[in-house]
Amino acid sequence: MKSRLFAVAGAVLLAAAFAAPPGAAAAPAAPQAPSTARLAAGVPAGLIPDRPTPEDVGRALARVARAGDGRVRLGVAGRSNEHRPLRLATVGTGPARLLYVTQQHGDEPLGTPAAVRALWALGVPDTAWHRWLRSRVTIDIVVQANPDGAVRNQRYNHDPGATGEYSEPGVGYDINRFHNPLTPIEDNPVPEARAILRRWHATHPQIVVDYHMQGRYMQPDGRETTASILWPTSALAGDAAVTRSRQLAVRNHDAMTYVAGANVSRYPGGDYEGIARNAYGILGSASMLVELSALPEEQVDFQIRTAFVSMIATAQGAADRTIWRTDPERADSIPERGPALPGASTLRRADAA
Ligand SMILES: [Zn+2]
């Protein structure tokens with residue numbers, strides 16, 4: 001009798017929660033989120049260069065960690081072939097685990113300064129909202145996953161002995177083809193990919209976002225694309241993970257479009273399971289690729305802000321779980337990327353995610 005009464009009361013409460021207007025449902029209510037502009041304004045100018053060296057990244061992260069007074073923890077996810085640290089920064093202690101990766105391709109730098117700024121914005125201030133967010137999510141960021149490529153401004157890692165598919169002989173491997181979850185990790189020749197895979201297996205993140213750069217393209221409506229995104233397209237990715245990835249993509253599309261002012265299209269990516277976007281979807285995460293277009297120099301800060309907005313919106317949406325109430329079918333209305341911008345430099349290798 002008593003349990004039935006509770007069941008009825010529970011159903012009524014549940015119905016009330018669904019009937020309540022958005023934002024008023026959950027108890028206790030989340031503190032009001034600061035605007036992304038306000039979060040960005042709190043980050044010190046000159047914290048990190050737009051195209052940082054590994055030493056710049058190390059210095060900037062150390063400064064964030066000092067200012068964050070223990071709220072941003074620094075570590076290493078592994079070592080590159082030249083023994084550079086693969087820097088791992090973590091903010092938050094909450095149950096929802098997130099993993100962001102920047103600059104797997106050494107010549108695609110802008111996700112890295114965005115990540116350092118996001119770590120400051122989420123880890124240094126200590127408002128009620130910040131404490132709430134950090135109690136809900138734990139965000140791991142592999143910052144500049146390809147430091148050996150970054151110092152050479154090259155796509156590949158540094159491995160002169162690299163051979164086989166997805167390698168450039170005498171140069172190195174394309175890290176973003178070596179996340180294949182079907183390959184035994186000890187057989188994987190790419191230390192940067194091994195490190196990210198190991199971090200995945202240690203934490204089972206519900207969300208993985210991988211930040212890259214592409215060339216310059218038109219939207220179908222004739223404006224220039226400033227960013228493209230995509231979810232897992234491998235047939236090996238399960239329906240639930242793909243649905244959640246599409247929800248993540250819709251949330252990011254909206255934030256990048258309406259908060260950052262980006263023109264977002266759907267990236268024409270492949271199905272190969274070694275691509276991080278596919279691999280972490282196959283493993284069960286909501287997984288997404290972000291490609292910032294290589295816009296002219298005066299728009300570099302706008303591009304960094306687009307990635308920053310993506311990182312903050314993903315964290316907020318995971319913390320309040322609004323991502324999982326997004327309609328995944330809306331991903332189909334993200335327009336396909338249009339043709340290359342006439343007159344833009346010839347396609348870079350970076351175009352292959
Ligand atoms: Zn790339």
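## Zinc site

Four donors count as tetrahedral if all angles lie between 85 and 135 degrees, four count as square planar and six as octahedral if opposite donors are over 155 degrees apart and all others between 65 and 115, and anything else is irregular. In this predicted model, the site of the zinc ion is irregular, with angles of 54 to 149 degrees among its four donor atoms. Donors are N, O and S atoms within 2.8 Å of the metal (3.2 Å for Na, K and Ca); water is not among the atoms, so sites may look incomplete. The protein supplies H105 (ND1), E108 (OE), E108 (OE) and H212 (ND1), at 2.0 to 2.6 Å from the zinc ion.

The spacing of the donor residues in sequence is H-x2-E-x103-H. Because E108 lies in the loop between strand 3 (96-102) and helix 4 (111-123) and H212 in strand 7 (residues 207-214), the pair ties together parts that are 104 residues apart in sequence. Helices (H or I, at least four residues) and strands (E, at least two) are DSSP runs, numbered from the N terminus.

E108 is buried, with a relative accessible area of 1%, and H212 is buried, with a relative accessible area of 1%. Buried means under 20% relative accessible area, exposed over 50% and partly exposed in between (1.4 Å probe, protein chains only).

## Basis of the values

Residues are numbered from 1 along each chain as its sequence is written. Local features need pLDDT of at least 70, side-chain atom pairs count only at pLDDT 80 or more, totals for chains, interfaces and linings use all residues, and side-chain values use heavy atoms, with hydrogens and water left out.
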